[in-house]
Every structure is written in structure tokens, then in C-alpha cells.
Amino acid sequence: MGSISLVFDRMRFEEKVLVEKGREKGLSIKLLDAKNFCLNLKSSNEEARTIFGDLVLQRCISYFRGLHITAFLESKGVDVINPLKVAQICGNKVLTTLALVKAGVPTPDTLIAFSPEGVYEAIEKISYPAVLKPIIGSWGRLVALLKDKDTTDAILETRELLNNPIHKIYYIQELVNRPPRDIRTIIVGDRVIASIYRYAPEKDWRTNVARGGKTVSIPLTKEIEDIVLKASKAVGGGILGVDAMESPDGILVHEINNTVEFKGAMAAGATCIPDEILNYIIELVRR
Ligand SMILES: Nc1ncnc2c1ncn2[C@@H]1O[C@H](COP(=O)(O)OP(=O)(O)O)[C@@H](O)[C@H]1O
Ligand SMILES: [Mg+2]
């Protein structure tokens, strides 16, 4: 069997449990801290394989760090989960929404704009309250509820002053009329291995576990399964966290997480997740 590495920039619960469960399975996963890397772009495929093995589980928290390491590895013939194309799409909400729309996956109405004037035009179309999100980001950070013109003015002024090109691309979405929860599913290959509700904490409208959201395991309905598998396929598949909301018109997928966190899902009872992930990558290196 081929050899497996795990590339990380912070050892979270997820990375620790993957290594531990791997050990229990007799699998030795080489742990590589991306912060210590100095990669020679001219190195041979052989040299890259000596360090990284045959397959890398990419677990960097930093989107840009992970993306560039994955690009290096793939160009040297090392398989990466998830592949570069998948990581690129999932890490960027504009690219994700475009992929979902193209594949016919139900998703909230979303507009993009490139100036405050463009944002006001978008809000005229979808009306208040609307949601403004950074195109690259996670844990609900900077995901803002635009309730009225005053809040919008304040947020846009700050965004413009930040002078960060990423923050000057405005992703404006309808506020979905959902219960105070959303659905997190975890997909490994072509199977949904966990589905949970994430309930928003008392003092926040966002449901992210990182913001205090509480998780409860739920049965996987056929409707959810079909939609999240279609969503996963739309971005290229792999090991993914597909997030969806229950709108009055049915399930809407709003995000696909490429380096999925599953501590909350495990706490809700989905203890099979690390095993499923490991079995999947073992199967891949065996091929
Ligand atoms: N359009 C929306 N309508 C209602 N709630 C939303 C909407 N978009 C996001 N949320 C809430 O905000 C949270 C964070 O948004 P999300 O798009 O998942 O960004 P992040 O990548 O930061 O997690 C979601 O989990 C959900 O609870
Ligand atoms: Mg999210």
C-alpha cells in the first residue's frame, strides 16, 4: 500500500482524531506542519514523493496556504484530497455558487458587486434584510446581516477602507427564511456519512459551531441526500461538508466546506466520521 501524509497548519480535534484512529488501524500517517515548509518548485516528482508519500490529506486551515501547497503537490504527481480544483471552488463562495447554479442545485439568490454603488443596486433587487459575506472566509466571520441602509453604509465604509481586494468583491445574498438552524452533511466520496442540525446560539443568528452553534444528529431524508450529493458532485467531490438551509420552498445549499470540521457532528453522535475518511483514503492509495 502507498504512504499517506497529513498536511496541517494547526492541529485541531479533527487532525488529532484522524491520526489516532489511523494508528488504531495500523496506518502510519506522516504529520507535516506547513509552517515549516520550504518547497523547491524545481524539485523532482521523486523528491516530492520521498517527503509527502503517495497521497496527502490536505488539512490546512488557511485557504491560501492549503491551495498553494496542493498546487505544488499535484504538479509533482502526488494525489491530494481534496484536489486543487475542488479546494479552489469550495474556498471561494462566488465560484461555489456558480458551480451550484450551473449544476441545477437549489441555492439562495445571490448577487455580486464590485463597488458600494453596486451593492445598493443589488439590495434594491433582493431588498432588506440581506446577507453580505466575504467571498473567502469561514466560521461565520464577517458574514453580516444588512438590516437597513445605516448598517450597510457602515459595513461598506469599513470594507472599502480595509483596502483588501478580496473585501471589495461583494457577495450579497437573500436572507433565507429558515428556522434558527441549518443542516451540515458530511460527504465522503459518493456517500453522505453524517447529517446534523446546527442550532444558532442564543446571541447570534449564524449557526456555525465555531460561534457556539449546537449540533443534533438528524435522519437523512431522500430530499437532503439527493441535493447534497448533487452539490458535492458539482464541485468535484471528495471529503466535503455540505451546508444547507430549510427554506419555505425546500432545501437550499449555501456552502461547501473543503477542509471540513466534524467535532460538532461527532459530538452529536456521528462517531463514524474519522473511520469513514480513513477507509476512503486507504482505498485511494490502494488503487
Ligand atoms: N442567506 C442566508 N440566510 C440565512 N442565514 C444565512 C445565510 N447565509 C448564511 N447564513 C448563516 O450564517 C452562517 C455562516 O454563513 P456561511 O455562508 O456558511 O459562511 P462561513 O463560510 O463563514 O461559514 C450559516 O451557517 C448560516 O447559519
Ligand atoms: Mg458555513
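This report describes the domains, nonpolar cores and one group of paired strands in a predicted model.

Residues are numbered from 1 along each chain as its sequence is written, and chains are lettered from A and ligands numbered from 1 in the order in which they are written. Because the model is predicted, local features need pLDDT of at least 70 and side-chain atom pairs count only at pLDDT 80 or more, while totals for chains, interfaces and linings use all residues.

An automatic or database domain assignment divides the chain into domain 1 (4-89), domain 2 (110-174) and domain 3 (177-277). Four residues of domain 2 are in contact (C-beta atoms, placed from the backbone, within 7 Å) with five residues of domain 3.

The largest nonpolar core holds 55 residues, of which Ile-186, Ala-231, Ala-244 and Val-253 touch the most other members. A nonpolar core is a set of buried Ala, Val, Leu, Ile, Met, Phe, Trp, Tyr and Cys residues joined through C-beta atoms within 7 Å; buried means that 20 or more other C-beta atoms, placed from the backbone, lie within 10 Å of a residue's own. Domain 1 and domain 3 both give residues to this core, so it lies between them. Apart from it lies another core of eleven residues, including Ala-130 and Leu-132.

Ala-130 and Leu-132 point one way from strand β6, and Val-131 and Lys-133 the other way; all are buried. Strands are DSSP runs of E, at least two residues long, numbered from the N terminus. The table lists the antiparallel partners of β6.

| Partner of β6 | Bridges |
|---|---|
| β7 (residues 144-146) | Three |
| β8 (residues 170-174) | Four |

Val-131 has Leu-145 as its bridge partner in β7, and Leu-132 has Ile-172 in β8. Strands pair if DSSP finds at least two bridges between them.

Conventions: A residue is buried if 20 or more other C-beta atoms lie within 10 Å of its own, exposed if 12 or fewer, and partly exposed in between; C-beta atoms are placed from the backbone. Two residues are in contact if their C-beta atoms, placed from the backbone, lie within 7 Å.
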